[in-house]
Amino acid sequence: MQWGLEVIRGNAAPRIMELYDTIVLGREPGVEMRVIDPSASRRHASISRTKDQTGWILIDLNSSNGTFLNGEKVQQHRIRPGDIIQIGDTHLRLFDVREGQRQTVILGGAPSESTAAAQHTRPSPANALIGSSPTLQRLRQQIETIAKTEATVLICGPTGSGKELAARMLHDFSPRKKGPFQAINCAAIPPNFVESELFGHEKGAFTGADRLKPGKFELAAAGTLFLDEIGEMPMEAQAKLLRALETKSVERIGGTRTVPVDVRFITATNRDLMAEMRRGNFREDLYYRLCVATLHMPALSEHIEDVEELVAHFLGPQTTRHVTPAAMDLLRAYP
């Protein structure tokens with residue numbers, strides 16, 4: 001049996017890992033699972049293999065506030081999948097990797113087949129944005145609140161700030177989470193293909209249309225449609241998009257009938273759409289349809305205290321040990 005450990009309440013880096021060797025949990029930089037919790041000790045507890053190598057044991061490392069297993073304070077105790085470990089205000093759960101988890105960080109040794117499969121899937125919505133700064137905590141709360149509504153959402157922020165992650169969180173926290181999530185990058189599609197991608201086309205609609213193709217609106221039925229870089233959409237396509245939002249229906253290119261669509265609509269941009277409206281590059285009526293709710297994704301400079309957690313997430317706990325304080329300072333100072 002291969003076991004793993006995941007954070008179910010609070011913050012730690014990494015949030016999920018598969019167990020191969022002894023790990024230490026605590027606030028100290030460089031430990032295998034760094035718990036971002038002021039009530040945790042620097043080296044709070046460890047998880048090691050039992051002497052007979054058949055299981056794992058939790059050991060409190062003389063922590064200030066104690067280590068709890070399933071609600072009871074322990075000094076040393078054998079653990080098994082399903083157990084809940086509490087360190088300060090942070091709760092972690094042991095699981096059997098064969099049950100299937102969303103994301104795994106390898107800790108020594110070779111990955112199992114189940115781990116390889118897990119690495120190709122998305123993290124759980126609560127763990128999608130890495131960081132425990134007040135800025136990101138407020139953002140997560142805002143996302144969860146908006147997700148429960150059916151409002152169209154406009155996500156604004158600089159490139160690399162996590163706009164698509166926020167869109168996926170909005171979907172995963174919403175009543176539509178069991179439906180499809182369809183994404184399209186308007187900047188990556190030639191202008192003459194945007195309408196075909198969004199609304200689909202009938203067989204023979206144009207040269208090369210050798211079969212019927214449903215568009216993203218239809219593919220996202222009962223789910224969420226996410227349009228990234230909406231500011232790059234041509235004006236003609238903007239007019240048809242507005243009509244689709246108003247009528248909740250689309251007409252395929254070359255088609256003669258309307259197709260009802262039921263989607264949650266989310267868009268994102270790194271442009272100032274108000275300025276684009278003044279220049280005549282973006283429709284005002286479409287803008288107000290898109291921004292019923294808005295999210296601002298902060299640049300990393302607005303939550304620079306999350307750099308260390310990001311480094312631990314992307315490099316893994318073993319590699320992070322070799323990131324010197326000077327290197328970390330350079331990362332924090334990068335514009």
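The discussion below concerns nonpolar cores and aromatic pairs.

Mentor: Please bear in mind that this is a predicted model.

Trainee: What makes Phe217 count as buried?

Mentor: Buried means under 20% relative accessible area. Phe217 has 2% relative accessibility, so Phe217 counts as buried. Phe217 is also among the residues with the most contacts inside the largest nonpolar core, which has 30 residues. The largest share of this core, five residues, comes from H6.

Trainee: Why is the pair of Phe217 and Phe265 called stacked?

Mentor: Ring centres must lie within 6.5 Å to pair, and planes under 30 degrees apart count as stacked. Here the centres are 5.8 Å apart and the planes stand at 10°, so the pair is stacked. Phe265, at 2% relative accessibility, counts as buried. Phe199, Phe217 and Phe265 together form one aromatic cluster.

Trainee: Which parts does the pair of Phe217 and Phe265 tie together?

Mentor: Phe217 belongs to helix H5 and Phe265 to strand E20, so the pair links parts that are 48 residues apart in sequence.

Trainee: Why is the pair of Tyr287 and Tyr288 called edge-to-face?

Mentor: Planes over 60 degrees apart count as edge-to-face. The planes of Tyr287 and Tyr288 are at 80°, with ring centres 5.1 Å apart, so the pair is edge-to-face.

Trainee: Are Tyr287 and Tyr288 buried or partly exposed?

Mentor: The limits are under 20% for buried and over 50% for exposed, with partly exposed in between. Tyr287, at 14%, counts as buried, whereas Tyr288, at 46%, is partly exposed.

How values were computed
Residues are numbered from 1 along each chain as its sequence is written. This is a predicted model: local features need pLDDT of at least 70, side-chain atom pairs count only at pLDDT 80 or more; totals for chains, interfaces and linings use all residues. Side-chain values use heavy atoms; hydrogens and water are left out. A nonpolar core is a set of buried Ala, Val, Leu, Ile, Met, Phe, Trp, Tyr and Cys residues joined through side-chain atoms within 4.5 Å. Buried means under 20% relative accessible area, exposed over 50%, partly exposed in between (1.4 Å probe, protein chains only). Helices (H or I, at least four residues) and strands (E, at least two) are DSSP runs, numbered from the N terminus. Rings of Phe, Tyr and Trp (its six-membered ring) pair if their centres lie within 6.5 Å; planes under 30 degrees apart count as stacked, over 60 as edge-to-face and the rest as tilted.
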